[in-house]
Amino acid sequence: MDAAPAIELRGVSRRYGERWALRDVSVTVPAGSTLVVFGPNGAGKSTLLRLLATLLRPHGGEVSVLGEQLPRREWAVRGRVGLLAHDPLLYRDLSARENLRFHARLHRRPEARVEQLLELTSLTGRAEDPVRTLSKGLLQRVAVCRAILHDPPLLLLDEPRANLDPAAAALIEPLIGRESGRTRVVTSHDPVGGLAEADLALGLRDGRAALLAPAAEVDVAAVEALYR
Amino acid sequence: MSAREAAPSERDAAAPAPPAPPDPKPMRPTWVLLRKDLLLERRAPESVPAMVLFSVTTFVLFHFGLGRDEVDGTLAAGVLLVTILFAAILGINRLFVSEQAEGGFDAVLLAPIDRTALFLSKALALFCFLTLVELVAVPAFAVLLLGPSPWGGIGGLVVVLALLNGALALVGALVSALAIQTRSRDLIVPMIGLPMLVPALIAGARACAPLLAAHGASWPAGKWLAVLALYDLVFGLLAYAVFDFLLED
């Protein structure tokens with residue numbers, strides 16, 4: 001894997017008040033590859049995603065995303081990152097179509113892109129319903145559309161298959177899975193499924209990198225040990 | 001459409017995007033955000049009805065609390081503008097709630113737009129809300145409390161209220177952005193916003209008083225209009241300068 005790195009973290013730390021959420025984390029992710037982040041609740045996975053998304057600033061270390069140093073050039077990264085967070089980041093009283101059109105306008109993307117994504121995710125029939133009336137699975141599909149409608153080269157996915165049945169998970173796979181061809185950082189609690197889609201595995205425990213290796217060299221037991 | 005069928009077209013569409021070039025229409029994101037705010041308020045009215053109800057209720061309370069059927073001049077200006085100010089606090093408290101409560105804030109912050117657009121859209125939304133509130137509140141005030149007819153000075157009153165709304169909107173958007181990042185949003189807005197708005201209230205009341213007096217003027221004194229306009233200009237520039245920093249982590 002000799003592609004230029006899409007993400008470089010060197011000794012990155014981040015705290016909330018007195019509590020360190022990330023401590024001295026270093027990892028390099030080549031462009032087009034997938035980093036899967038494992039770790040128990042509170043290990044720092046979501047904090048890592050928010051740092052990479054420019055929504056948080058590091059309190060130590062160096063962060064480079066898509067060749068841009070953060071936070072100095074965070075403006076150059078915005079618009080090139082797709083974030084699928086725990087919250088869907090949607091307005092509940094607007095319909096799926098209205099939400100996506102709003103984001104398409106902010107990202108200067110044509111409305112045809114919205115219709116394309118609604119069709120690809122089989123949401124056309126519910127596109128006019130307020131998203132507060134959608135099930136969690138449908139909501140997750142709309143959130144996926146929002147995260148990728150601007151064709152970001154980097155996807156940050158926080159447990160992307162949560163709430164999805166197998167059919168829905170298969171439906172979004174071409175959009176956010178390996179075959180999308182994008183660089184991906186994915187958090188997961190599923191050692192088997194996570195390692196299967198990873199090029200690189202990072203295990204976090206109390207904010208520290210307890211495991212970092214090519215996925216092919218990591219066995220399931222090592223990931224499971226993070227949760228004990 | 002199956003996942004397999006969907007894959008090729010999506011892959012074609014997913015070419016890595018370079019940094020977005022500068023928007024040739026810098027005000028466009030502001031209108032996009034404003035349109036969304038107005039749509040949300042129309043779809044699920046919260047701020048405007050609450051502000052209208054608060055204003056009318058306050059006039060009724062003044063009616064009985066003052067023990068007078070009619071007020072005019074300085075007292076009338078004070079009652080009207082203080083009521084609008086407190087009603088505005090309700091709107092300011094809720095200005096960023098849709099972003100925070102509904103989780104859309106992060107998605108907006110990730111868009112390749114100048115964050116000033118967010119400030120301008122919120123200030124414009126609050127200006128629109130206040131204007132709608134005043135369309136009900138001012139006639140209600142005239143019916144419930146005001147002695148003299150307001151028609152003689154209605155043009156001047158509209159100008160004063162527009163300038164005061166500008167002050168409330170600019171300071172309100174700034175304070176609301178600050179408060180939304182704290183746990184005590186409902187306390188921060190009045191504690192910071194009200195002292196900041198005292199100069200605007202004084203100028204507004206002085207400008208309004210002769211318009212609401214018996215046989216009063218038909219146009220406010222130019223110096224108080226100038227003070228209000230200057231206040232709007234200063235706080236507009238201040239907000240423009242600091243808003244980006246308020247949103248930083």
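In chain B, the face that α3(B) turns to α4(B) includes Ala50(B), Met51(B), Phe54(B) and Phe62(B), and these and their neighbours meet a set in α4(B) that includes Val79(B), Ile84(B), Phe86(B) and Leu90(B). The residues of this contact split into 10 nonpolar, 5 polar and 1 charged. Keep in mind that this is a predicted model.

**The α3–α4 pair in chain B**
- Helix α3(B) covers residues 47–65 and helix α4(B) covers residues 73–94; they pack at about 150°, with axes 9 Å apart.
- With angles over 145 degrees counting as roughly antiparallel, α3(B) and α4(B) therefore fall into that class.
- The crossing of α3(B) past α4(B) is right-handed.

**The α8–α10 pair in chain B**
- Helix α8(B), residues 154–179, packs against helix α10(B), residues 222–246, at about 20°, again with 9 Å between the axes.
- That angle makes the two helices, α8(B) and α10(B), roughly parallel.
- Here α8(B) passes α10(B) in a left-handed crossing.
- On the α8(B) side you'll find, among them, Val159(B), Leu163(B), Leu170(B), Leu174(B) and Leu178(B); the α10(B) side includes Leu225(B), Tyr231(B), Asp232(B), Phe235(B) and Phe243(B).
- The tally for the α8(B)–α10(B) contact is 18 nonpolar, 2 polar and 1 charged.

**Chain B overall**
- Of its 249 residues, 46% count as buried.
- Among contacts in chain B with a separation of 6 or more, 85% come from residues 24 or more positions apart.

**The sheet in chain A**
- Chain A has an open sheet of 4 strands in the order β2-β1-β4-β5, with antiparallel pairing.
- β2 (19–30) and β5 (68–70) of chain A sit at the edges with a single partner strand each, so each has one side without a neighbour in the sheet.
- On average, neighbouring strands of this sheet are turned by 25° against each other, ignoring direction.
- Strands β1(A), residues 5–16, and β4(A), residues 60–65, pair in the antiparallel sense over 5 bridges.
- Arg10(A) stands opposite Glu62(A), which belongs to β4(A).
- Helix α1(A), residues 45–52, lies across β1, β2 and β4 of chain A and runs at about 120° to β1(A).

Key. Residues are numbered from 1 along each chain as its sequence is written. Chains are lettered from A and ligands numbered from 1 in the order in which they are written. This is a predicted model: local features need pLDDT of at least 70, side-chain atom pairs count only at pLDDT 80 or more; totals for chains, interfaces and linings use all residues. A residue is buried if 20 or more other C-beta atoms lie within 10 Å of its own, exposed if 12 or fewer, and partly exposed in between; C-beta atoms are placed from the backbone. Two residues are in contact if their C-beta atoms, placed from the backbone, lie within 7 Å. Two strands pair if DSSP finds at least two bridges between them. Axes are lines fitted to C-alpha atoms, for helices over the stretch in contact, and angles run from 0 to 180 degrees between N-to-C directions. Angles under 35 degrees count as roughly parallel, over 145 as roughly antiparallel, 65 to 115 as roughly perpendicular and the rest as oblique. A crossing is left-handed if the near helix is turned anticlockwise from the far one by less than a right angle, and right-handed if clockwise. Ala, Val, Leu, Ile, Met, Phe, Trp, Tyr, Cys and Pro count as nonpolar, Asp, Glu, Lys and Arg as charged, and the others, Gly among them, as polar.
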